[in-house]
Amino acid sequence: MPTKSAPDKTLAKILATIRAVPRGEVAGYGEIARRAGLPGRARMVARILSGNEDKQLPWHRILRSDGSIAFPKDSAYYSEQIQRLRAEGVNVVNGKVRGRKTAATMDEILWAPPEETKASKKEGVKKAKS
DNA sequence: CGACTGACGGTCG
DNA sequence: ACGACCGCCAGTC
């Protein structure tokens, strides 16, 4: 194996970070790299994933920074990734993943955390709890 | 050693 | 919202 590439340590770190992504969650390439302590190595993460063979690896949870699928729509992986994500309860629309940022449903808005409390300035939007 | 490439990211028109 | 451009990093030719 001629290519020695990055130290196995780095590789392991990245893989570990990817595996650390909880089910039903998604993360960007750059995000993974950054979490792994490798800022600016987004492409390296992509390279690793491109050559991965580990089925255990939740590669489908890795998307672009804008939340879109990294594959062209005509790619087989494209649909597969979306299916896997949906299987985990992730909302995917038009090749893009809807994180909690985009409040798709009204429920999401009403149930949203006090972060965007701007809504609270309205009338009696009392916050509810589970 | 230099050019090309890629499951990227951010900016600009 | 979308595509064109440019910048980055590591690997391959």
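This is a predicted model: local features need pLDDT of at least 70, side-chain atom pairs count only at pLDDT 80 or more; totals for chains, interfaces and linings use all residues.
Residues are numbered from 1 along each chain as its sequence is written, chains are lettered from A and ligands numbered from 1 in the order in which they are written, and side-chain values use heavy atoms, with hydrogens and water left out.

Me: Why is the pair of W59 and Y77 called edge-to-face?
Reply: Rings of Phe, Tyr and Trp (its six-membered ring) pair if their centres lie within 6.5 Å, with planes under 30 degrees apart counted as stacked, over 60 as edge-to-face and the rest as tilted. The centres of W59 and Y77 are 6.4 Å apart with 90° between the planes, so the pair is edge-to-face.

Me: What makes F71 and Y77 a stacked pair?
Reply: Their ring centres lie 5.3 Å apart and their planes meet at 25°, so the pair counts as stacked.

Me: Why is W59 called buried?
Reply: Buried means under 20% relative accessible area, exposed over 50% and partly exposed in between (1.4 Å probe, protein chains only), and W59 is buried because its relative accessibility is 15%. Y77, at 48%, is partly exposed, as is F71 at 28%.

Me: What makes the side chain of R64 a polar contact of DNA strand B?
Reply: A polar side-chain atom of R64 lies 3.0 Å from a phosphate oxygen of DNA strand B, and a polar contact is a pair of N or O atoms within 3.5 Å.

Terms used. A polar contact is a pair of N or O atoms within 3.5 Å; within protein, one must be able to donate a hydrogen and the other to accept it, and residues adjacent in sequence count only if both atoms are side-chain atoms.
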